Amino acid sequence: MSSSPAPEETALVELDRLVEQSAPYLIGVRHHSPSLARVLPRLLDAAAPTAIAVELPPEAAPWLEWLTHPETVTPVALALADAAAGAAEAEPAVGFYPFADFSPELVALRWAAAHGVPVTCIDLPVAARARARDAERTEIAAPPERDTAGYAETAHRMTESEDSAQSWDRLVEARSTGADPEAIRRAALVHGWGTRRDESLGGEPDQAPDGLGNRLREAAMRSALRGLDGRVVAIVGAFHAPALTRELLSAAEQAAADESLLAASVSAGDPVASLVGYGMAELDLRSGYPAGIADPLWQQEVFADGDSAAALQERAAATLTAVAREIRGQGHPCGTGEATEAVRMALDLATLRGLAAPGRRELLEAMTVVFAHGDILGRGRAVSRAAQIVLVGDRRGRVASGTPTSGLVRDLRARLDELKLRRADGEELRLDPLRSPLDGRRERFLQRALAAGIPVANPVAGTAAGGMETVTTRWRCNSPERSEALAEAVAVLGATVDQAARAALQRRLATGWDAAVGAVRQAVRAGFPDLARSALDRARTGIDDVSLRELIELISVAAWVVDVVPDPDPDLLSACVDAHRDAVGRAAAQVPGLAGGTSTQDARLLGELARIVGPEALRLADALGELADAGPPFAAGAARAALEELHAGVHVGAIGAEARRRILAAGRPESRRDLRLWLGGLLSASPRLLIDSDSAREGFADVIGGLDDSAFVTRLPTLRGGFEALDDGQCDQLLAAFGARGRAAPAMAARWAVEDEQARRRLAAMGLASQLYSPAERWKLVLGRHQSGLTGRASTVAATLDRAYGARSDTGTGVAGRGGAEPPEVSVREWNDIDLADLFGTDVREDVLAAAAGRGDRDAALSLDPVHARPSVELLQSILGLRGGMPPDAAARLRLLVRRCVDELSRSLATTMIPALHGLTTARRTLRPTRRFDPRATIERNLAHTLELADGTRRIVPHTPVFRAPVQRSVGWHVIVLVDVSGSMEPSTVFAALTAAVLAGVPALSVSFLTFSTEVVDLSEHATDPLELLLEIAVGGGTDIALGLRAAAELIRVPRRTLLVTVSDFENGGDDAAMLAAVRALADSGVAMLGCAALDDAGAARYDLHTASKVAAAGMPVSAVTPAGLASWVGETVVAR
Amino acid sequence: MTTPSTERQIVPPEDRYAHELAFLAAHDDGPRPPRWRLSPGAVVTFLVGSDGRLRLPRPTEGLPESLAISRKYVGSTALVERCVVTLAGSRGLLLTGEPGTAKSMLSELLAAAICGSSAYAVQGTAGTTEDHLRYGWNYAQLLAHGPSESALVPSPVMAAMQQGAVARVEEITRCLPEVQDALVSLLSERRIAVPELGDSEVPARPGFALIATANLRDRGVSEMSAALKRRFNFEQIDPIADFDAELALVTEQVSAALVSAGAPAGPDDTVLSVLVTAFRDLRSGRTQEGWSVERPTSVLSTAEAVAACTSAAMSSAWFPGRGDVLRQVPGLLLGTVRKDDPEDAARLLGYWDQVVARRSAEGAAAWRVLWELRGELESRA
């Protein structure tokens, strides 16, 4: 543009010379190009060559007859590799060439076969590429500095292309319809010349730009062309054409330079090859297979019909109509009117852009604009799926019978022999890759074979446990015959094990987030650092859409590379550091989503996250700090422990202080519950906290040891419940640590003794000295370990607690004995026989019984007094969990208890909810005529409508009369409560039932109640009776949110008068896309929706923030709400409409 | 227009670019859809600018011989092409996108280029009634003389139908769905029946087209019906993809704001560049370096960037003694980010820890200053 005219003129002259050159006659192509493939026979007819040169490596020559064989059906793929390089432990040199009807090279080969013209493969041998590539890595390819915009750059800007593939599509392919063959050839050469001109240093087009690889290849091509006589046609990449000018071919010094370059690099290799049937699906660019092209079926049509604009326009119309039909097939309305508009749009766009017929770009634009309705999630996905089906196609190719067998099997056999890995099935192999070079090569080969899907041997579990690489690795071998059979099945991946491993990994990392993260490890182990890096990049782009668990996996993979892998590739290392940082940031963002949870697994995740990230994660520390200070007890405990994991030693004081406060406050039932949860969270997140940290342990010991006996006994069941988070082994270690403390700190032990003595004296004065619990006994009781030494009352207490919380096995250290057999002493007695009130006090008695009931002890539940038990959601949960298989009289007794809980809870719920629903019970203003006229509102509404009378005064004309609609007239609001019952009986489930019943009591609302897991149950008939509702709910199963939503959709009568409340943690086990489509469809139909991540009196939730945010984006806002909050949402929504 | 354009706060595009429109009309000899002032190709040129100067085929009185058409819309040309093609057809054009992505500007420019007026516009609100989209009555006249054409008050949409012009409905999703649906029959039958006047109806003349804009953040307030969606072609307007283009736009608008406010100094390039970078990072969730950033929920459009940059520039222009303007950047970002969700302040802090810290570590001076201000951000967040 702004460059001076002189270089532009030179450029034009240069280009003209390139196009007009006849020896060799140059046809610049792209590997897949429907336009050039279509006109190539005509170009060849006109040129009437006596020799044809194609840009394929010489190793391909023996396969050409099979490629052009009449029985061969496209698409097929030719894979070439140098087995010698692979065996020599260098990274394999490979060539992978998929061929379709629209590949110009294949068209030229077919033409040559039909006309009996000899073909020469002029590209650099595959065997020589490895060296070129290795050399390239050491050169730094800096983009040249230019004052003016380059040619290709200008072309990109003008066509709004992102890369040269796109600008090729827009400048060469799209403009080729009905064009003169010579014009297409010229356009292709110009495009290649421009791209090259921009990339080459100093702007010299005969200097191959990006390093030794291209220089070598072009030297090889020139060298081969010099050896050809007669009318030669060279079909080469348009980019390389400017390197094959007559001047360069004939200049003696260039010839000498080429030969010396080649002599230095080319060595004899051991070529292996595979020619296999390929599929349109793999040929598609998005499949992850190399050397593909977007939308191959459409390319095939352009190839067939590109001569005539009219025919191609018709094809475009047919394609768009087919996409519309496909969209309808997926359940989205898409009529002929829309198809017609899309066709018009595509044709008019083509006209506006000066094209004879619409290209792929115009088709995609028309589909997006007309079909997708601006909706990326539901409809947009359907459109892209439909487009994929119609434009990609499912055609499969096959090779002619008699084609030689796959090179992969040959290579596998050679490698097995060479590495002495032909072993008997099941034989175990121990490798020491760091010490023995042979073992190093074996290790890498086994890893690559594994990645390729040919498990020559399987790693024996434990090889890499806990992220620590052991020095030796162990493998269990499979029989060679089995490996060969598997190799036959994956031959399409490549011609050598190395190539197949690379292709398989490449494909895997394109399939999804989890696969990409998994591929990082595999690629590192298999020695493909570049692939590991692309897998990391893939994982980083999807980092916004994954759960905390998955983020932790990414963090630990990155940490594994940084900390464990010996000598990692420097680029990979920095990519890992980046990925680590990103993932930690995202993980911090997800921490608040765990606030409402009481799951030990979540707490462990938090602890693990804090352990692996290190102290520099400021954002994580902020998020944890907030949770620890203000979160609900379980999450607060877990966050506090995680903080200590993050900054060791810093939070011990806070933990000790909080423990003291909570333990001392645990006199009231609610505080006892909070203490149990807080301890559970703390110890789940960091089981070793008290074992490893002396000061933390002493903080606990001081407060528990300092309690007087009755205070201790009151808190004992709660403490025992909290310390359940530790397994038997950890309890033992903790007890041992206490013992060590006694020995290590005599002063402290002396103090304890004094305190004990004082307490003993106090108790003795009260006549209770025999009940005294020493500090050691106290810890045995709290932890439930080594209780055999206890005597008297302590022993009874221990046995009772064992019955309530499950006995810990006194022998082994495993967790297998947890919650198992009841201890013999208590099993013979019934709860009624134990005087719990005497042991713990009446207040605590209920805690113990409720804990036992929660563990499934039916007798404990029956021992609860239905009249005096404290009604709580927790108690309801435990008792409801006990229902199944109970004798009728027991069930009746429990029912009394449940009824009382339900009644009490419903009553208090109703008092908070009813005021919010007030709007539903008062009359509303309406324009529809009713019996009650509203004069005031009518005057307000009609102030603008006045009439001037003859006497000059004005009078309001009641153009729009306003009425009041009585409550009954606005009936017809339908509330659907959809409850996820996949996990266990959650507080949210209980509250959902109670809330639904309160809502059902409002005259203006009708309520449906659905539960879903992997099946849906309609409990609407019980919606008015929370007791029945709760008794009918069956928990368990997976979570399929889409299924629940579809069932709810079936109940909807008038969408705009329907409210859908979905109670779920949004940990969707079903198809996410289906779920989002269902949400969107409901939102589109006008249903008012609210997702409740939790529905309870705290309004704090534990849910998948990520899925929830996607659901919210699709039209269902998600938050944790209280029943009162839900009621006000219902009230506001109804009044607003 | 009776008001001279110089006295208006905002000059409509058909007046502001009158000379370009007249030039293009004379320059362009391509086929035009009925009643279009320009051919579709010339409309595209009007919006995205000409490559170099255009030359008139023959001299025309009152017009220069050649003229470079300025670029008015910085988004993608292909998008403008699709919009123009849609308007030449029989469906409405619906521009959707985040707030502040120049949807309204695009619709004004298209209307000005196609029919010479961007005035046929309705602003959608929750209070919009069917009357605003169809027609209303002058009630005094209606009562005095009965229903007659002179008592009919046409809406801008009806006026556009009568003129064969382009009507615009801004923020259509803010209208109640039943009000939106008034457009369904209008778009499919291309006429408005007036039953009060007997069999009377107002047909749309050729050239009538409708552009609606919808703000994605409003979605869910009132969803559009499927019937209405089927009568629109959808075009999603994305934030400006190119950093340099956005920076240039912001710089231009900030300078213009400073000039019109009579400020004594121009904007500080470093501050603008830092702010635009931060807005882009936070908006897209990914930095130029490819690092991942947690996105705040607040709107962070180019318009917000302009507002923040203007306020920075104004304060340094009027209060030059206050020291480094960079020190204001955390406050400006916090003010923009913390609108709806208190969590957003924490997200901004996350941006500091993940991105600002790294840029500062890599030695960028401006970012080092920002990193030192983390404490200030934390105390205010």
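Two strands pair if DSSP finds at least two bridges between them. Strands (E, at least two residues) and helices (H or I, at least four residues) are DSSP runs, numbered from the N terminus.

## Strand S10 of chain A

In this predicted model, Leu429(A) stands opposite Trp475(A) in S10(A). Strand S8 (residues 428-431) of chain A pairs with S10(A) in the antiparallel sense over four bridges. Strand S9 (residues 457-459) of chain A also pairs with S10(A) in the antiparallel sense, over three bridges, and here Asn458(A) stands opposite Arg476(A).

In a regular strand the side chains alternate between the two faces of the sheet. Strand S10 (residues 473-477) of chain A has Thr473(A), Trp475(A) and Cys477(A) on a covered face, and Arg474(A) and Arg476(A) on an uncovered one. Cys477(A) is buried, at 3% relative accessibility. Buried means under 20% relative accessible area, exposed over 50%, and partly exposed in between (1.4 Å probe, protein chains only).

## Basis and confidence

Residues are numbered from 1 along each chain as its sequence is written, while chains are lettered from A and ligands numbered from 1 in the order in which they are written. Local features need pLDDT of at least 70, side-chain atom pairs count only at pLDDT 80 or more, totals for chains, interfaces and linings use all residues, and side-chain values use heavy atoms, with hydrogens and water left out.

Chain A averages a pLDDT (the predictor's confidence in each residue, from 0 to 100) of 78, and 83% of the residues score at least 70. Over residues 1-5 of chain A pLDDT stays under 50, and the model has seven contacts (heavy atoms within 4.5 Å) beyond four places in sequence for them. Residues 810-829 of chain A also stay under 50, with 36 such contacts. Where pLDDT is low, the predicted coordinates should not be read in detail.

## A mixed sheet in chain A

Six strands of chain A form an open sheet in the order S18-S17-S16-S19-S20-S21, with mixed pairing. Strand S18 (1016-1018) and strand S21 (1118-1121) stand at the edges with a single partner strand each, so one side of each has no neighbour in the sheet. The twist averages 30 degrees from one strand to the next. Axes are lines fitted to C-alpha atoms, for helices over the stretch in contact, and angles run from 0 to 180 degrees between N-to-C directions.

Strand S19 (residues 1058-1063) and strand S20 (residues 1088-1095) of chain A run parallel and are joined by five bridges. Within S20(A), Gly1091(A) is opposite Thr1062(A).

## A parallel sheet in chain B

Chain B has an open sheet of five strands in the order S4-S7-S10-S3-S11, with parallel pairing. Its edges are strand S4 (121-123) and strand S11 (232-237), each with a single partner strand, so one side of each is left without a neighbour in the sheet. Three bridges join S4(B) to strand S7 (residues 166-170) of chain B, and Val122(B) has Val169(B) as its bridge partner in S7(B).

Helix H5 (residues 103-115) of chain B lies across S3, S7, S10 and S11 of chain B, at about 170 degrees to S7(B).

## A buried loop residue

Val957(A) lies in the loop between strand S14 (954-956) and strand S15 (963-965) of chain A. Val957(A) is buried, with a relative accessible area of 18%. Not counting residues up to four places away in sequence, Val957(A) touches Asn942(A), His945(A), Thr946(A), Leu947(A) and Leu143(B).
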